[in-house]
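Dear colleague,

Please find below the structure for your review. My notes on what was found in it follow directly after.

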Amino acid sequence: MQKTCVRESYVLSPGRELSSFLSEKSVPITKEPIMTTPIPKQKSKKPTSVRSRGRVPHVPLSIVAQRPEGLYYSILVPAVEKTDPYITIVSDARNDVLRITMVCVSIYEAYLFALGLPSNFPKEQIIVFGQDRARYIPCRSCEYGEKLIYHYELTVPADTAIEEYQQRICNDLNDHFQLDVKVEQLSIVTDSRPITTENGESVELIWEDQTTMIMRKNRN
């Protein structure tokens with residue numbers, strides 16, 4: 001992709017609403033022979049979409065240098081530049097391009113966006129099976145954490161549905177990191193209360209459904 005249009009752009013900042021970009025229904029779509037991760041049927045409440053009529057944030061050189069000549073592509077590279085993380089969605093209707101750029105994100109943060117989960121999704125609701133949890137959910141203030149941050153960019157036709165490009169991002173992440181990531185509703189114990197039964201006093205457990213992201217290595 002050679003041209004950049006900033007005529008209409010959307011800057012997504014962590015911790016705020018993304019309601020204008022997400023829909024309740026998700027349709028897993030992929031044309032590539034790789035693993036597909038179904039997208040959860042729910043709205044993301046954060047981050048917020050902010051319409052920007054000025055300049056979009058500076059795109060790191062490590063992304064620009066890897067952009068191919070073709071109009072549509074995806075790029076995933078280690079983040080060598082130190083900058084604040086951000087996500088932008090830029091629409092260029094004239095050239096029929098929608099560009100999604102994620103800068104300085106960890107693996108789990110990229111999945112949160114792709115799966116329509118809020119950027120402040122509780123880390124304790126993420127289960128990592130069989131792998132080093134710190135690799136996928138790194139400590140940003142630790143020295144090793146800087147080596148586990150990435151840039152990602154995807155360009156698709158301008159009229160591509162949200163569900164489609166979310167699914168494409170999931171597929172790219174799954175393929176690159178060889179992961180199987182899903183969102184499930186798990187029943188967990190949140191409280192208890194004493195009750196009286198025919199056999200005396202007992203304790204009743206109070207269960208609630210909790211949205212949980214489950215990350216495991218792709219067995220295929």
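**The nonpolar cores**

The largest nonpolar core holds 35 residues, and those with the most contacts inside it are Ile-100, Tyr-111, Tyr-165, Ile-169, Met-213 and Met-215. At least two residues of this core come from each of the following elements: strand 4 (86-92), strand 5 (97-105), helix 2, strand 6 (126-129), strand 7, helix 4, strand 8 (179-197) and strand 9 (200-217). Helix 2 supplies the largest share, seven residues. There is also a second, separate core of seven residues, which includes Val-59, Ile-63, Val-103 and Ile-149. Please bear in mind that this is a predicted model.

**Helix 2**

Helix 2 spans residues 107-114 and is mostly covered, with seven of its eight residues buried. The buried residues are Ile-107, Tyr-108, Ala-110, Tyr-111, Leu-112, Phe-113 and Ala-114. Of these, Tyr-111 is also listed among the residues with the most contacts inside the largest core. Just after the helix, Gly-116 adopts a positive phi of about 75°.

**Strands 3 and 7**

Strand 3, residues 74-78, presents two faces: Ile-75 and Val-77 make up the covered one, while Ser-74, Leu-76 and Pro-78 make up the uncovered one. This strand pairs with strand 7 (residues 150-156) in the antiparallel sense, over five bridges. Within that pairing, Ser-74 has Leu-154 of strand 7 as its bridge partner.

**The aromatic pair**

The structure contains one aromatic pair. Its members are Tyr-150 and Phe-177, arranged edge-to-face, with 5.1 Å from centre to centre and 75° between the planes. Tyr-150 belongs to strand 7 and Phe-177 to helix 4 (residues 162-177), so the pair ties together parts that are 27 residues apart in sequence. Both Tyr-150 and Phe-177 are buried.

**Cysteines**

How many disulfides does the structure hold? The count is zero.

With kind regards

Terms used
Residues are numbered from 1 along each chain as its sequence is written. This is a predicted model: local features need pLDDT of at least 70, side-chain atom pairs count only at pLDDT 80 or more; totals for chains, interfaces and linings use all residues. Side-chain values use heavy atoms; hydrogens and water are left out. Buried means under 20% relative accessible area, exposed over 50%, partly exposed in between (1.4 Å probe, protein chains only). Helices (H or I, at least four residues) and strands (E, at least two) are DSSP runs, numbered from the N terminus. Two strands pair if DSSP finds at least two bridges between them. Rings of Phe, Tyr and Trp (its six-membered ring) pair if their centres lie within 6.5 Å; planes under 30 degrees apart count as stacked, over 60 as edge-to-face and the rest as tilted. A nonpolar core is a set of buried Ala, Val, Leu, Ile, Met, Phe, Trp, Tyr and Cys residues joined through side-chain atoms within 4.5 Å. A disulfide is a pair of cysteine sulfur atoms within 2.5 Å.
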